[in-house]
Amino acid sequence: MLKDLVEVIAKSLVDNPDQVKVSEIHGEQSVIIELKVAPEDMGKVIGKQGRIARAIRTVVRAAASKENKRVIVEILQ
C-alpha cells in the first residue's frame with residue numbers, strides 16, 4: 001500500500017512517469033521505500049530546498065502510522 005502511494009505521487013510529479021521505479025525493503029521494525037526517477041526529474045521530486053521530498057515523506061509517514069510501521073523514503077538516482 002505504501003509503495004503504491006509513493007508511486008502515484010511520484011508519477012504525478014514527473015515528466016517521465018514510465019521511468020518511475022519504487023521498491024520496498026522490509027526490515028524488522030521499519031520499511032524502506034526506494035524511489036528512482038529519471039535524472040532530469042530529480043528536481044521535480046525533491047523540490048526547492050527539499051520541500052516536495054519532505055512532503056512525500058510526511059504523507060507516507062502518516063499513512064504508515066495507521067499500520068504502526070516506521071517508514072523511510074529514500075530518493076535515489
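This report describes the sheet, a helix packed on it and the nonpolar core of one predicted model.

The model is predicted: local features need pLDDT of at least 70, side-chain atom pairs count only at pLDDT 80 or more, and totals for chains, interfaces and linings use all residues. Residues are numbered from 1 along each chain as its sequence is written, and side-chain values use heavy atoms, with hydrogens and water left out.

**The sheet**

Three strands form an open sheet, ordered β1-β2-β3, with mixed pairing. Strands (E, at least two residues) and helices (H or I, at least four) are DSSP runs, numbered from the N terminus. Two strands pair if DSSP finds at least two bridges between them. β1 and β3 are the edge strands, and each pairs on one side only. β1 and β2 run antiparallel, joined by six bridges. Ser23 stands opposite Glu34 in β2. From one strand to the next, the twist averages 20°.

**The helix across it**

α3 lies across β2 and β3 and runs at about 150° to β3. Axes are lines fitted to C-alpha atoms, for helices over the stretch in contact (heavy atoms within 4.5 Å). Angles run from 0 to 180 degrees between N-to-C directions.

**The core**

The largest nonpolar core has 21 residues. Such a core is a set of buried (under 20% relative accessible area, 1.4 Å probe, protein chains only) Ala, Val, Leu, Ile, Met, Phe, Trp, Tyr and Cys residues joined through side-chain atoms within 4.5 Å. Ile33, Leu35 and Val60 have the most contacts inside it.

α3 gives the largest share, five residues. Leaving aside neighbours within four places in sequence, Ile33 is in contact with residues including Leu2, Val22, Val60 and Val71.

Key: Buried < 20%, exposed > 50% of the residue type's maximum accessible area, 1.4 Å probe, protein only.
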